[in-house]
Amino acid sequence: MIPLSLAKIAEITGGTAHGADAGRTVTGPVVIDSRAVRPGALFVAVRGERSDGHDFAAAAVASGAAGVLAERPPDGVPAVVVDDVVKALGVLAREVVARLPDATVIGVTGSSGKTSTKDLIAQLMARRGPTVAPVGSFNNEIGHPLTALRADEDTRYLVLEYSARGIGHIAYLTEVAPPRIGVVLNVGTAHIGEFGSQEMVARAKGELVEALPPGGTAILNADDPLVRTMAARTPARIVTFGRAPDATVRATEEWLDEAGRPRFSLVTPEGTLPVSMRLHGSHTVGNALAAAAAARETGMPLHEITEALSEATTVSRWRMEVGERDDGVTIVNDAYNANPESVRAALDALRHMARGSGAGPRRAYAVLAEMAELGSASVTEHEKIGQYAARCGLAGLIVVGRNAAPLLEGAKQVGSWTGECVQVDDVGAAVAALNERLRPQDVVLVKGSRVARLERVAQALLDDSRDDRPRGDA
């Protein structure tokens, strides 16, 4: 963060400085966890469901925080008191971003793939200059400004995710950190229970391109009709990506190696060069194309783009992390979240990895939990995924939790499938079921919505392995 005194922060946020040290300067990070305080930090006292940050204000200052952003004056510590700390956090971030004229803000949104694409873009831009990007999915009204506030005078690229739980959410985030380059990946069924329809999801996601300035660039998925139509909603220049023949940045000659890692030719107006990715799954090609299009807009040459994509690794946890046990069992941990589109993509990757190479085909198991926030479409969408899983030729499908039961019903509807269906109540039972069935060289996919916390299944399966490091950089 750029250095600011508590008095200046009070002026920016419309708050009131309390305590005798209003001249103290915030030089460190802005944090909401008192355990993350560093000397010079600003501690933001957020009130949550389980705890109230105000209770930790004194401890934060004792650990070196320059002051506290709070909604009531903490006893005996310097603070800026505001009516709403979350709103004040956004106002402060907006001011900091406005003071960084040399920083280019690159925004990413979409129903799936936001975090993986953000990670790719950040890895590419880090080659061009100091880059700030969120860790994991810090993409809401708290995580978004906290990430923006990590930027300082040296920052050249600020790569951010813009998420939405409803109409107007992305519009608000664009006010906090106005993007110059906006990437829209797709419009799927994630959160459709909250939005009501894909058209409403598209309306929300399109708020990102509506916020772009006339001199900005909207990077749109040419393969998604709902994304393509967003071109009419922005004054910015349009660049497209995808497999479509008319996409500005596209992929040809795609194939997957025996580990499910994509190889393709990156085609741009400047020329064509090969890419050999270390990430897993054909769905990562679309993410790579979006990242390439964004990097191209910053002036990165084609040879550097393809080199960076070929060297990019998995950054955020539990997203197609691939680990291998001593007995040759491969664990694909894609447990961070799930929606119908992302589950199909993960199952496709599993199917390809199970085909094997010279050693022949391998048995494949999928451990799936519920896909949350699908609303009235939940049962139907789960049944469809169950059918899709069965048609992938799995040796077994382990369904975790009652809310995921329609997956089992869908799988049973595929009469030609000879695999095994198992319903279990929790993570422990899923691990036990797998331990009874797994043989050397099997492949296991673990995927479900965040509420299921299925990463614990993957970790338990790897716990006895001497080498459980992800193979994303292999």
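Tutor: Two strands pair if DSSP finds at least two bridges between them. Helices (H or I, at least four residues) and strands (E, at least two) are DSSP runs, numbered from the N terminus. This is a predicted model: local features need pLDDT of at least 70, side-chain atom pairs need 80 or more, and totals for chains, interfaces and linings use all residues. Residues are numbered from 1 along each chain as its sequence is written, and side-chain values use heavy atoms, without hydrogens or water.

Student: What is the strand order of the open sheet of six strands?

Tutor: Its pairing is mixed. The edges, pairing on one side only, are strand 17 (321-324) and strand 21 (420-424). The order is 17-18-22-19-20-21.

Student: At roughly what angle do the axes of helix 13 and helix 14 cross?

Tutor: Axes are lines fitted to C-alpha atoms, for helices over the stretch in contact (heavy atoms within 4.5 Å). Angles run from 0 to 180 degrees between N-to-C directions. Under 35 degrees counts as roughly parallel, over 145 as roughly antiparallel, 65 to 115 as roughly perpendicular, and the rest as oblique. Helix 13 (residues 340-354) and helix 14 (residues 378-391) are therefore roughly parallel, their axes coming within 10 Å and crossing at roughly 10°.

Student: Which strands does helix 15 lie across?

Tutor: Helix 15 (residues 405-412) runs at about 165° to strand 21. The strands it lies across are strand 19, strand 20 and strand 21.
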